Amino acid sequence: MGIIEKHGLVATYAPDEVITANGQPSTYFAIILAGTALAKFHQVVEATEARRWQELGRNDSVLFFRGHWWRTITSLTLHADAAHLISNLAWGAVLGALVASDLGVGAGLFAMLLAGVAGNTMATFLADEGYRSLGASTMVFGILGILCAIRTWEGWQRAWGEQSGRLTR
């Protein structure tokens, strides 16, 4: 058992418990943790031979069609420079927190990853031969699409509920 004391209040917890808010893991904690890990990874890449990391992990249509499907995932973690990383982190954190608050942290993070992979895969299929990309912009736009889908679904549910004379919320 551990003890937390803050503002004169004392609480005990089991060491294997996850600190939660409203019964769910903290959305903001998960987003901050993921962003910190990505920023640290970028720092490691920049401290070493960055171009080599980018060659090994970027999305490359020629290599994708030769069986390197994992590049749709690894390219999400590589960025051209710090400004590229910061803009993806900022937008990803804001929009990602909204998705995670709607779907839950685990499902939200999985949906975000799936959106990024789907975006990279579609771009690879639709682009010209020799297409290369890196960064999480496809994931950020995918998150925006997820939010639009959630809000549209909620609007339809409200409209259907009001038409039948009952409220769904």
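F65 touches T124 and F125, when residues up to four places away in sequence are not counted; contact here means heavy atoms within 4.5 Å. The residue is found in the loop between helix 3 (61-64) and helix 4 (71-74). Between the C-alpha atoms of F65 and E129, which stand 64 residues apart along the chain, the separation is 10.0 Å.

This is a predicted model, in which local features need pLDDT of at least 70 and side-chain atom pairs count only at pLDDT 80 or more, while totals for chains, interfaces and linings use all residues. Residues are numbered from 1 along each chain as its sequence is written, and side-chain values use heavy atoms, with hydrogens and water left out.

**Overall architecture**

The protein has 7 helices and 6 strands. Helices (H or I, at least four residues) and strands (E, at least two) are DSSP runs, numbered from the N terminus. Along the sequence, the elements follow the pattern β-β-β-β-α-α-β-α-α-α-α-β-α. Of the contacts with a separation of 6 or more, 66% are between residues 24 or more positions apart.

The protein has 169 residues, and 31% of them are buried. Buried means under 20% relative accessible area, exposed over 50%, and partly exposed in between, with a 1.4 Å probe and protein chains only. The accessible surface comes to about 11200 Å², and 65% of this area belongs to carbon and sulfur atoms. Such areas come from the Shrake-Rupley method with a 1.4 Å probe; for residues, only the protein chains shown count as cover.

Helix 6 (residues 105-126) contains 22 residues and reaches 31 Å from its first C-alpha to its last, close to the 32 Å expected at 1.5 Å a residue. The expected span is 1.5 Å times one less than the number of residues in the helix. Several positions of helix 6 are buried, among them V105, G108, A111, M112 and A115. Further along helix 6, the buried residues include G116, V117, G119, N120 and T124. T124 is also one of the residues that F65 touches.

M122 lies in helix 6 as well, but is exposed, because its relative accessible area is 52%. In helix 5, A100 counts as buried because its relative accessibility is 1%. A82, also placed in helix 5, is partly exposed, because its relative accessible area is 41%.

| Residue pair | Distance along the chain | C-alpha separation |
|---|---|---|
| A82 and Q43 | 39 residues | 8.9 Å |
| M122 and T72 | 50 residues | 9.7 Å |
| A100 and F110 | 10 residues | 9.5 Å |

**Pocket and cavity**

On a 1 Å grid over the protein atoms alone, a cavity is a set of points where a 1.4 Å probe fits but cannot get out, and a pocket is an open set with protein on both sides within 12 Å along at least five of seven lines; lining residues have an atom within 4 Å of a point. Grid points are joined across faces, edges and corners, and a volume is the space filled by probe spheres set on the points.

The largest pocket has a volume of about 450 Å³. It is lined by 20 residues, of which A34, G35, L38, L109 and M139 are the closest to its centre. Helix 1, helix 5 (82-103), helix 6 and helix 7 (137-163) each supply at least two residues of this lining, and helix 1 gives the most, with 6 residues. By class, the lining of the largest pocket has 15 nonpolar, 5 polar and no charged residues. In this scheme, Ala, Val, Leu, Ile, Met, Phe, Trp, Tyr, Cys and Pro count as nonpolar, Asp, Glu, Lys and Arg as charged, and the others, Gly among them, as polar.

The structure also holds 1 cavity of 30 Å³ or more, and the volume of the largest cavity is about 30 Å³. Its lining consists of F41, H42, V45, Q54, T77, L78 and H79. Helix 1 (residues 27-47) gives the most to this lining, with 3 residues. The lining of the largest cavity has 3 nonpolar, 4 polar and no charged residues.
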